[in-house]
Every structure is written in C-alpha cells, then in structure tokens.
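Please open the model in your viewer and keep the selection panel at hand.

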Amino acid sequence: WYSWAERLDIMPLDTRFYGKRQQDFRRLINGEFNDNFGDWNLKDAGGDVIFSIENDRARGKYASIRIEKSHPNANAAFLKWNFPTDKPMTVATGFEYTSDIENTVALRIEDAARPEIKMLDRTIKLKKGKGTVSFEGVELPEKGRYQMVIYVGKSQPGTICIDNVKLDFTD
C-alpha cells in the first residue's frame, strides 16, 4: 500500500477535499498499465478486438490489443481515459507502440459530454515494429471533462502493443 501511495504522491496523507483529490488523480494517467486497465474504459467491437495486459521482464506491463476483424467505424473499439480540468489547460499526449504489421489507429482528445468536439483528431500510421507518437500543445479551452481515446475499430487485423501513454498538463 505504501509504495502505491508514494507513486500517486498522496504520502504524507492528502488532506484536500475528495472532489479536488479525485480531479487531480484522474489527470495522473495509468499510462504504464501498472494498475492493469484500472480507470481505462475499453470497447471491444463485440469481441472482435481482444485487450489484455502483458508483463515481461524487459518492458514491464503494457496493453496488448489483438484485432481479429476490422470495422467501418473507428469507435467500434477503443481504449479511453477520462479526465477533468478545473481551468483551461494545455496538454501533451502520446504513447509508445509495437505493431506486428503496418497499421493505423486514431488518437483523439475530445469533450467527454460531446465527443464530436475534438481538440486533437489524428489518424496515426503505425510502422511495423516499434515507434513513438507524440503531440504537444493541445489546447483544452475551458474547465470540463475530457477524454483521450485510442480508437482501433478501423485498424487492420494484427496486434498492437501500447505503453507509456502520457498526458502532461501545463497552465
């Protein structure tokens, strides 16, 4: 318990009000999957996409996404992280990946209540092998609830491994 509390920077005991603590906590993304899929939302395209957490000595934990069948809509399958802001902010986001084939994913930061409003909307071409995706200076225009989503519904059949997902905030 103590090492978990230190990692989340709540030791010594955090005495802020619960709502404020929860808001700040949700901005600390479980991007290394140390807590498995804790606080991630998954949609699996009716079983055509299989999400799992893998663990090996060299890499540690990471998300493995096995796509069995491609769909016409990107939002048929996704990995989503919801987070609040208490004022306008700027965020940097990205992740590391390994793909067994050349493939694509969509990376978006959206208004959680109105996902048609996008602050970031990119189709990412993944090369076969390892790579890094990074975007700086994404403006979150107001206080609110947002979501960072990796959409894999349109991805081709294959396996994509995701790790070190980041959300770094600045005022």
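Start with the aromatic side chains: a search of the whole structure finds 7 aromatic pairs. Rings of Phe, Tyr and Trp (its six-membered ring) count as a pair if their centres lie within 6.5 Å; planes under 30 degrees apart are stacked, over 60 edge-to-face, and the rest tilted. Before you go on, note that this is a predicted model, in which local features need pLDDT of at least 70 and side-chain atom pairs count only at pLDDT 80 or more, while totals for chains, interfaces and linings use all residues. Residues are numbered from 1 along each chain as its sequence is written, and side-chain values use heavy atoms, with hydrogens and water left out.

**Stop 1: ring pairs**

Select F33 and F37. Their ring centres are 6.0 Å apart and the planes meet at 75°, so this pair is edge-to-face. Both F33 and F37 are buried (buried means under 20% relative accessible area, exposed over 50%, and partly exposed in between, with a 1.4 Å probe and protein chains only).

Next, select F83 and Y146. Here the rings are stacked, at 6.0 Å centre to centre with 25° between the planes. F83 belongs to strand β4 (residues 77-85) and Y146 to strand β9 (residues 144-151), so the pair ties together parts that are 63 residues apart in sequence. Strands (E, at least two residues) are DSSP runs, numbered from the N terminus, as are helices (H or I, at least four). F83 and Y146 are both buried.

**Stop 2: charges over rings**

Select R59 with Y62. R59 lies over the face of Y62, 3.7 Å from the ring centre. A charge sits over a ring if NZ of Lys or CZ of Arg is within 6 Å of the ring centre and within 35 degrees of the ring normal. Then show R108 and Y151: the charged end of R108 sits over the ring of Y151, at 4.6 Å from its centre.

**Stop 3: salt bridges**

Is R108 buried or exposed? At 17% relative accessibility, R108 counts as buried, whereas D121, at 40%, is partly exposed.

How many salt bridges does the structure hold? There are 7. For another one, select D171 and K87, whose closest N and O atoms are 3.2 Å apart. D171 is in the segment after β10 and K87 in the loop between β4 and β5, so the pair ties together parts that are 84 residues apart in sequence. D171 is exposed at 69%, and K87 is partly exposed at 36%. Finally, pick D111, R114 and E142, which are linked in a network of salt bridges.

**Stop 4: strand β5**

Select residues 89-99, strand β5: 9 of its 11 residues are buried. β5 pairs with strand β8 (residues 129-140) in the antiparallel sense over 10 bridges; two strands pair if DSSP finds at least two bridges between them. Look for T93, which stands opposite F135 in β8. β5 also pairs in the antiparallel sense with strand β10 (residues 158-170), over 9 bridges. There, E96 has D163 as its bridge partner.

Methods
A salt bridge is a side-chain nitrogen of Lys or Arg within 4 Å of a carboxyl oxygen of Asp or Glu.
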